[in-house]
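Hi there,

Here is the structure I promised to pass on to you. Have a look at it first, and then read my notes below.

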Amino acid sequence: MKLDLDFVKKLLNTINNCENDRVSMGYLFENIENKDDNLFEQKMRHHITILHNAGFLMSSSSDLGFNTCLGGELICNMQTTYWPTFSGYQLLESLNNDTLFNKVTEGVKNIGIATLQEIPAIALQYIATKCLGL
C-alpha cells in the first residue's frame, strides 16, 4: 500500500480538530470519510503505523490498536487512543499550507517515510530562502 499524503492530512487534522487531548480509534473511524470500507481498516493501520514509527504520532497501546486473527482478519481496538507529537504538529502545519506543500513536494514522484520526515524541515528551509530572503 502506498503512502497517501491526503489520508495522512485527514488523519492528523481529525486528531487536531478533536477537543480531547487524545483521540480514540473509534472517533477516527467515525470522523474520517472512507470510500472503500474493505480497505479502510488496512489503510488506517498502515498510516498510523507509519506515523507512529516516524515519531509523528503516539499511541496508548504498543500494538497501536491493531491485531490480526489466525484467519487473517484485522481486529481494531476502538478504545486505543492517539495523540500527535511536536513533530506531528510540524508535519500537519506543513501539509495544511497548500502553497508551501506544493512547492516542497514538486518533483517528488514517490513520497516515502524519509520524505515524510523531512517535510517540516524542507518547509522551514523554503520559508527562510523564498519568503525571508535568507
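**What I found**

Along the sequence, the elements of this protein come in the order α-β-α-α-β-β-β-β-α-α-α. That makes six helices and five strands; both are DSSP runs numbered from the N terminus, with helices being H or I of at least four residues and strands being E of at least two.

Before you go further, please keep in mind that this is a predicted model, where local features need pLDDT of at least 70 and side-chain atom pairs count only at pLDDT 80 or more, while totals for chains, interfaces and linings use all residues. Residues are numbered from 1 along each chain as its sequence is written, and side-chain values use heavy atoms, with hydrogens and water left out.

**The protein as a whole**

The protein has 134 residues, and 40% of them count as buried (under 20% relative accessible area; exposed is over 50%, and partly exposed is in between, with a 1.4 Å probe and protein chains only). Its accessible surface is about 8,200 Å², with 47% belonging to carbon and sulfur atoms (Shrake-Rupley method, 1.4 Å probe; for residues, only the protein chains shown count as cover). Among contacts with a separation of 6 or more, 63% are between residues 24 or more positions apart (a contact means heavy atoms within 4.5 Å).

**A charged pair**

How many salt bridges does a search of the whole structure find? The search finds one, where a salt bridge is a side-chain nitrogen of Lys or Arg within 4 Å of a carboxyl oxygen of Asp or Glu. The partners are Asp4 and Lys43, at 2.9 Å from N to O. They connect distant parts of the chain, 39 residues apart: Asp4 lies in the segment before helix H1 (5–17), and Lys43 lies in helix H3 (residues 37–53). Asp4 is partly exposed at 23%, and Lys43 is partly exposed at 25%. As background, side chains of opposite charge can pair when their charged atoms come close.

**Cysteines and a serine**

There are zero disulfides in the whole structure (a disulfide is a pair of cysteine sulfur atoms within 2.5 Å). Cys69 is partly exposed, at 31% relative accessible area, whereas Cys76 is buried at 15%.

Ser59 belongs to strand S2 (residues 57–59) and is buried, with 14% relative accessibility. Beyond its neighbours within four places in sequence, Ser59 contacts His52, Leu64, Thr80, Thr81, Tyr82 and Trp83.

Happy exploring!
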